[in-house]
Amino acid sequence: MVIRSWRDARPHVGHENKIIWSVFRSKGSEDLEEDEACLLGISGLTVHRLQPGCDGDYHDHENKEQVYYFTEGRAKMKIDGEIYEVRAGDAVHLPPKCMHQIVNDTDDWVEHLIISATVDD
């Protein structure tokens, strides 16, 4: 059992403009302490924040499904070429190979949690 705060994670910039805190990663992940790399089934739990007027890159994951859970703000998600409005309280499931991007065209920060799981072929 591990209790860990996102505040304990070292943030980094990813997907062009997002500030990302990796709270938990898969057991055995390289260069991580045991309390950071403790997940047995899912591959990650991260906190993402995107500042006003910015967007992330448009990308997909070959063998990973994700759930985005929005905790703060509102934004747009581009998913397989379609634009969707999202806001705090919304959850979005993205299966493998689903192209996706967050676009923050508001004057406020948007924050979301991402739960990732590797999907076997």
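Is W21 buried or exposed? At 12% relative accessibility, W21 counts as buried, a term that stands for under 20% relative accessible area, with exposed meaning over 50% and partly exposed in between (1.4 Å probe, protein chains only). The model is predicted, so local features need pLDDT of at least 70 and side-chain atom pairs count only at pLDDT 80 or more, while totals for chains, interfaces and linings use all residues. Residues are numbered from 1 along each chain as its sequence is written, and side-chain values use heavy atoms, with hydrogens and water left out.

W21 has an aromatic partner, W6. Rings of Phe, Tyr and Trp (its six-membered ring) pair if their centres lie within 6.5 Å; planes under 30 degrees apart count as stacked, over 60 as edge-to-face and the rest as tilted. W6 and W21 are edge-to-face, with 5.1 Å centre to centre and 75 degrees between the planes. W6 lies in the segment before β1 (12-14) and W21 in strand β2 (residues 18-26), 15 residues apart; strands are DSSP runs (E, at least two residues), numbered from the N terminus.

The structure holds two aromatic pairs. In the pair of Y68 and F70, the ring centres are 6.4 Å apart and the planes are at 35 degrees, so this pair is tilted. Both Y68 and F70 are buried.

Y68 and F70 also belong to the largest nonpolar core, which has 14 residues. Such a core is a set of buried Ala, Val, Leu, Ile, Met, Phe, Trp, Tyr and Cys residues joined through side-chain atoms within 4.5 Å. Among the elements that give two or more residues to this core are β5 (64-72) and β10 (110-118), while the largest share, three residues, comes from β6. A second, separate core of six residues includes A9, W21, V23 and V47.

Charged side chains come next. The structure holds seven salt bridges, each a side-chain nitrogen of Lys or Arg within 4 Å of a carboxyl oxygen of Asp or Glu. R4 meets D35 at 3.8 Å, N to O, and E36 at 3.6 Å, and R4, D35 and E36 are linked in a network. Both E36 and R4 are buried, whereas D35 is partly exposed, at 37%.

Elsewhere, D105 forms a salt bridge with K76, the closest N and O atoms being 2.4 Å apart. D105 is in the loop between β9 (100-103) and β10, and K76 is in strand β6, 29 residues apart.

Note on methods. Helix = DSSP H or I, 4+ residues; strand = E, 2+ residues; numbered from the N terminus.
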